[in-house]
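My notes are below the structure.

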Amino acid sequence: MTKPKLAIAGASGFIGKAAIDRLADEFNIKALSRVAPSNKNSYKENVHWHSCDLYNLKEAENAFKDCDYILYLIHSMKKGNRLTQSSFDDLDLIIADNVMRSAKINKVKQIIYVGGILPEVNLNISKHLKSRNEVEVVLSCSGIPLTTVRAAIIIGAESSSFQILYRLIKRLRVMITPKWTRSLSQPIDVQDITEFIYHCIGNEETFNKTIDVHGSELLSYNELMTKISNILKLKRIALTVPFFSLGLSKFWLHLITGIDYFTISPLVDSLKYNLIASNSVLFNKYIPNPVSLNDSLQRAISQAKKYEKVKEKSIIYEESKVRTVQRLYLPIGWDAIKLGREYINWLPKIFFTIIRSKVKNNVVRFSFFSINLLTLEFSQERSTKDRQLFYIKGGLLVIKKTFPHARFEFRISPHEQTAIAAIHDYYPSLPWPIYRIFQANIHKFVMYLFNRHLLKNSSKFKS
């Protein structure tokens with residue numbers, strides 16, 4: 001009997017690799033990652049690694065072809081390009097939208113998403129938790145059964161949250177801890193969460209359900225650090241002070257642990273809340289006896305040394321690549337076609353017609369006097385009313401080599417009255433310092449002005 005095909009988006013990550021270990025015997029696994037691990041040949045025969053950029057809708061559609069289920073494990077807390085002009089929540093939105101559209105086209109049977117537990121009072125929650133909740137909403141727009149598995153801290157040697165605490169304890173004898181370390185959580189072992197994911201796949205009882213998962217103990221982060229220091233047999237003193245701001249906490253943790261600031265920042269924003277599981281009936285049914293916290297920490301600590309993160313040199317062209325994503329107000333009744341036309345007509349006006357736009361045969365040229373700055377080619381094949389796609393084909397501001405994936409797009413958000421303007425895989429021709437100081441900031445300011453234009457004139461647009 002043929003095994004069902006499971007696509008794992010984010011397969012090279014901490015949870016992804018653990019999920020492959022647990023699920024490889026029951027499923028044919030399509031492991032999706034921008035960069036496959038160096039040991040990919042050591043996996044079982046039915047684990048097939050595919051290099052895939054999920055910012056690219058066409059690649060996403062091909063990635064999920066013939067797949068029965070999708071396990072979605074992506075969180076955009078790291079910068080993937082030399083310059084990324086976007087906040088992580090907008091990056092999360094565009095990937096979730098691509099996966100949602102692709103799952104729908106390929107008639108996937110179920111999506112399983114691992115997100116974060118929300119606090120009981122979820123007003124003014126952190127941007128990190130808001131983003132995870134937004135991903136849930138966007139994925140549900142496909143109409144495909146969605147199972148959302150929400151967790152707080154997941155314990156494992158490669159877990160960012162665990163690594164932060166582990167490295168703090170290893171490197172500091174006296175820790176001045178902020179108030180957020182008193183917040184309560186129920187850390188869960190990575191084996192328990194992957195076991196529960198197994199029980200969710202294809203299980204109609206979990207369709208369109210949000211399920212909180214939890215470990216064996218409820219405790220504060222201070223108490224968790226004490227447990228880790230006891231297992232390490234290290235005597236540590238923790239002094240909690242009220243004046244440690246979140247901003248200072250982030251910088252301090254980055255400095256001491258060496259973990260990337262863009263990874264630490266959203267995590268710390270979420271740690272100030274009590275993250276306690278509430279909707280756990282189905283989890284308790286299938287995982288009645290979670291791994292004890294002591295056993296979970298013992299295993300993570302024993303494996304932690306081999307997962308010290310090593311910086312790798314990126315390919316030159318990867319380093320020079322730019323991605324920008326901005327969320328825009330969308331006037332009521334507008335689609336992506338109208339939004340794209342408005343931008344093309346509006347842009348020359350703010351430059352006092354020094355920069356002009358010319359549209360001919362699906363090609364848009366922006367020129368400075370007679371100098372062609374940028375050439376965009378409209379893709380009729382890949383465009384719809386809710387997405388307008390232009391390939392970046394040339395001009396003075398584009399590097400001379402041809403990069404077929406360079407593109408500019410407008411798309412409509414599926415869940416709110418906003419749109420997304422995005423540039424992907426763009427390689428600027430200007431020397432990097434000049435691009436960074438001038439062109440990048442001008443583009444960012446132009447998109448800010450365009451958003452103000454849409455907001456200011458929204459009543460006029462309605463009429």
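Basis. I worked from a predicted model, in which local features need pLDDT of at least 70 and side-chain atom pairs pLDDT 80 or more, while totals for chains, interfaces and linings use all residues. Residues are numbered from 1 along each chain as its sequence is written, and side-chain values use heavy atoms, without hydrogens and water.

Helix contact. I looked up helix 5 (residues 160–171) and helix 7 (residues 221–232), whose axes come within 10 Å and cross at roughly 60°. Helices here are DSSP runs (H or I, at least four residues), numbered from the N terminus. Axes are lines fitted to C-alpha atoms over the stretch in contact, with angles from 0 to 180 degrees between N-to-C directions.

I listed the contacts (heavy atoms within 4.5 Å). Helix 5 brings Phe 162, Leu 165, Tyr 166, Leu 168, Ile 169 and Lys 170 against Leu 224, Met 225, Ile 228, Ser 229 and Leu 232 of helix 7.

Ring pairs. I counted 19 aromatic pairs, taking rings of Phe, Tyr and Trp (its six-membered ring) with centres within 6.5 Å. One of them, Phe 196 with Phe 283, is edge-to-face (planes over 60 degrees apart), at 5.4 Å centre to centre and 75° between the planes. Phe 196 lies in helix 6 (residues 190–200) and Phe 283 in helix 10 (residues 281–286), 87 residues apart. I found both Phe 196 and Phe 283 buried (under 20% relative accessible area, 1.4 Å probe, protein chains only).

Methods:
Helices (H or I, at least four residues) and strands (E, at least two) are DSSP runs, numbered from the N terminus. Rings of Phe, Tyr and Trp (its six-membered ring) pair if their centres lie within 6.5 Å; planes under 30 degrees apart count as stacked, over 60 as edge-to-face and the rest as tilted. Buried means under 20% relative accessible area, exposed over 50%, partly exposed in between (1.4 Å probe, protein chains only).
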